[in-house]
Amino acid sequence: MDYLLVQFIEATDEEQADLWLVNLIDEHAVPIVREILGSSRHLHLNNNRATSTQDASDLFNDIITNLLSRLRIIKSDRARGAIADFRGYIAATAYNACNLYLRQKYPRRARLKNRLRYLLSHDSTFALWTNEASGLICGFAQWRNKGAASPQRVLEKIRQDPVEWIQTADLASVGIERAQLSNLLNALFQSCGSPLQLDDLVNIVADICYEKDQPDEPLDTMTQLAAPTLDLEIVLEHQHMLALLWQEVCELPSRQRLALLLNFKDARGQDLLSLLPSTRTATVEQIAEALDFPHIEFLRLWNKLPLDDATIAGLLGATRQQVINLRKCARERLERRMSAVIAKSSVGNGSQG
Amino acid sequence: MSKHLSQFESDEGPFHLDYEQHLEPYVDGNASDIDREIVDSHIALCSRCADELKDLLAFKQQPVAALTGDTRVTSSRWKQWLPQSPSLSSPALAMAIVIGVLILAMGVLLWTTYRASRRIERAATGSPESDKHVEKEQPASSTEHTSPENSSNLPTLPREEPLITLNDAGGHILVNQRGQLEGLHELPPDLKKDVERALATRRLPGSPALTAWSTGAGILRSELADQNTFAPLEPMDVVIETDRPKFRWQALEGARHYIVTIYDAKLREVGSSGPIVETEWTIPNSLERGVTYSWQISALKDDKTIVSPKPPLREARFRILDQRAVVTLAKLKESAGSSHLVMGVFYWKHGLIEESEREFQALAKANPNSTVVAELLASIRRR
């Protein structure tokens with residue numbers, strides 16, 4: 001547990017705990033989240049400044065709200081997982097939320113960025129490298145490892161009149177096909193005369209090729225940022241649904257099944273695997289079989305469940321992040337399958353009533 | 001910082017594919033078995049990530065640039081090459097070659113100028129050869145270049161040749177060598193820029209008004225098969241001008257009746273047809289402009305209600321053109337309504353794709369030899 005969190009977690013008085021929580025958010029979370037949102041070129045350099053500010057403001061509020069709720073959960077139940085590095089945790093949460101938000105709100109820009117990254121790292125004329133100060137930098141291969149100048153005056157001039165620049169650069173056609181992008185990058189780097197930050201490149205290419213996103217309505221960010229959750233409360237209420245859940249679990253690919261079952265917890269961090277034998281949904285032997293474990297070996301493991309991700313990673317020969325991703329894939333699939341069953345069941349109950 | 005953070009392990013928030021960790025290795029065939037399984041499982045459920053992966057796979061397959069690496073970085077390659085060539089080690093020899101190249105360039109320039117003036121003279125005198133030398137886009141008519149001053153006996157001034165000439169708006173629309181549009185006045189500046197950009201890039205990518213909408217990737221195959229039998233037909237993924245749209249759907253054999261239900265963006269029901277036996281219905285009340293709606297069709301068959309589309313299939317969505325665009329469109333119809341090019345670009349920009357395609361078809365008919373128009377029309381159809 002990070003020492004920064006200790007006073008908040010251990011506070012017994014609710015008022016005092018709230019004070020510590022406000023302090024944690026104001027002193028640590030707010031500056032880090034602001035810095036990460038501020039470093040996003042797209043949120044900053046978007047031509048439509050009003051939209052950009054609104055994006056940043058929405059995102060900021062959502063990240064802080066999510067952090068608050070996460071901290072409250074940890075305080076109410078330490079078993080939900082400790083945070084070893086609170087500042088790193090805030091940064092990762094903000095970065096991931098920012099990335100996801102931009103990808104969802106600007107899907108066309110996300111695809112263009114992927115294409116440019118691919119071209120820059122697969123065409124020997126160009127290069128993509130990382131600079132400690134500026135992040136991802138790109139340019140001609142012979143510029144590799146130089147710092148990014150990102151000549152804003154040149155970029156602004158192109159942005160103001162892309163058509164004139166296309167004529168001046170003598171580009172026969174402009175577009176996002178591989179050959180067209182390759183010629184476009186060549187002309188752009190020549191015009192700029194120095195490496196560019198990748199985000200600057202994406203923005204200027206989007207302007208030239210008119211690869212613009214125009215979301216019709218603001219995303220419901222809370223919905224978008226919320227982790228996919230399977231409403232197990234509802235599932236557990238119904239024996240037959242639990243049987244269906246088990247059936248779906250058995251149909252998961254084996255690695256996903258293992259990543260899920262060995263760390264099968266409810267919203268409060270309670271082990272759910274033990275629920276299966278007690279509700280007669282599946283015997284321990286059947287669970288062992290589903291996990292491809294010898295029965296005796298699984299019995300030894302039973303009292304240690306749920307296992308932490310590092311241990312599961314060791315069993316699978318995977319990294320901890322891969323275990324997390326496998327489990328998320330499994331939950332996504334179960335959520336999709338089971339929500340259909342739940343909806344059907346609700347309709348059925350409604351019509352009966 | 002971003003690179004460091006992207007590698008930070010996290011089990012918070014929803015899972016989506018990461019470029020470095022998943023997309024690029026998958027596309028290049030370098031992903032581990034575990035990551036490949038993660039990608040395959042995820043794209044079956046997430047249409048956005050499926051779109052990104054599909055796009056990158058398609059991009060990888062596209063041909064690389066026609067220019068080779070050797071010819072691209074012209075100025076810097078010259079600088080590298082000069083000192084390396086042994087024959088150019090002598091400064092005097094190098095200078096002589098540079099002077100020679102300059103003389104040659106001046107000769108070419110003089111010859112080109114002479115040829116251009118001859119061509120303009122021939123055009124002014126109506127020589128039948130004149131069109132043979134024009135390499136840029138030209139209209140079908142051979143008389144369109146004869147301007148009033150050329151038809152008189154006034155001395156001819158050398159005039160800049162337009163880059164593109166199109167038969168449109170009851171006359172001709174020109175794009176000059178700087179890519180600027182001539183022959184259309186009173187266009188909103190934004191729209192003028194959009195038209196110029198379309199002509200310069202020769203493409204109209206997906207309409208910016210529709211980009212936030214799902215493309216339907218990630219739909220399970222078995223469920224797609226169902227969609228072919230009973231499903232909404234229109235409106236689907238479009239912006240429409242009328243605020244009282246007509247709904248059409250594919251019939252379900254043996255259905256006793258159908259019910260159309262319309263929802264707003266927050267999935268609140270805003271209209272229903274009630275039971276009907278036809279396979280189309282026009283809503284009697286106006287829907288709110290600028291709002292995105294979705295709709296479902298349900299059929300009663302053998303005392304069972306069958307609904308389409310339903311999750312995980314994508315919604316049947318449409319948006320009613322917003323009031324501001326309606327006003328602009330009315331003004332535009334008055335000022336530039338006869339220009340298929342302008343109307344086509346306007347419709348495209350606002351997501352009225354069928355209308356845009358119709359305008360470009362008319363433009364193509366008036367300009368059968370224009371490759372620019374053909375490419376624009378093709379790009380609209382590819383959406």
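In α14(A), the buried residues are R255(A), Q256(A), L258(A), A259(A), L260(A) and L261(A). Helix α14 covers residues 254-261 of chain A, and six of its eight residues are buried, so the rest of the structure largely encloses it. Keep in mind that this is a predicted model.

## Chain A as a whole

Let's step back for a moment. Chain A is built with 19 helices and three strands. It has 353 residues, and 37% of them count as buried.

Now zoom in on C138(A). Once you skip its neighbours within four places in sequence, C138(A) is in contact with L120(A), F126(A), A127(A), L128(A), P195(A), L196(A), L198(A) and L201(A).

## Helix α10 and its partners

One partner is helix α7 (residues 152-160) of chain A; α10 itself runs over residues 198-209, and the two pack at an angle of about 20 degrees with their axes 9 Å apart. Are they roughly parallel or roughly antiparallel? With angles under 35 degrees counting as roughly parallel, α7(A) and α10(A) are therefore roughly parallel to each other. Their crossing is left-handed. On the α7(A) side you'll find L155(A), I158(A) and R159(A), which meet D200(A), I204(A), D207(A) and I208(A) in α10(A). Sorted by class, this contact has four nonpolar residues, three charged ones and no polar ones.

Another partner is helix α6 (residues 107-122) of chain A, which packs with α10(A) at an angle of about 115 degrees, their axes 10 Å apart. The crossing of α6(A) and α10(A) is right-handed. From α6(A), the contact uses R109(A), L112(A), K113(A) and L116(A), while α10(A) supplies L201(A), V202(A), V205(A) and A206(A). The class count for this contact of α6(A) with α10(A) is six nonpolar, two charged and no polar residues.

## A closer look at V33

V33(A) sits in helix α2 (residues 14-38) of chain A. Is V33(A) buried or exposed? A residue needs 20 or more C-beta neighbours within 10 Å to be buried, and V33(A) has 24 inside 10 Å, so it counts as buried.

Leaving out residues up to four places away in sequence, V33(A) touches F60(A), I63(A), I64(A), I90(A) and A94(A). V33(A) and A92(A) are 59 residues apart along the chain, and their C-alpha atoms are separated by 9.6 Å.

## Over to chain B

Chain B has a helix pair to look at too. Helix α12 (residues 340-349) and helix α13 (residues 353-366) of chain B pack at an angle of about 160 degrees, with their axes 8 Å apart. That makes α12(B) roughly antiparallel to α13(B), and the crossing is left-handed. Among the residues that meet are Y347(B) and W348(B) from α12(B) and F360(B) and L363(B) from α13(B). The residues of this contact divide into eight nonpolar, three polar and two charged.

Terms used
Residues numbered from 1 in each chain as written. Chains lettered and ligands numbered in written order. Predicted model: local features only at pLDDT ≥ 70, side-chain atom pairs only at ≥ 80, totals over all residues. Helix = DSSP H or I, 4+ residues; strand = E, 2+ residues; numbered from the N terminus. Buried ≥ 20, exposed ≤ 12 C-beta atoms within 10 Å, placed from the backbone. Axes fitted to C-alpha atoms, helices over the stretch in contact; angles between N-to-C directions. Parallel < 35°, antiparallel > 145°, perpendicular 65-115°, else oblique. Left-handed = near helix turned anticlockwise from the far one by under 90°. Contact = placed C-beta atoms within 7 Å. Nonpolar A, V, L, I, M, F, W, Y, C, P; charged D, E, K, R; others polar.
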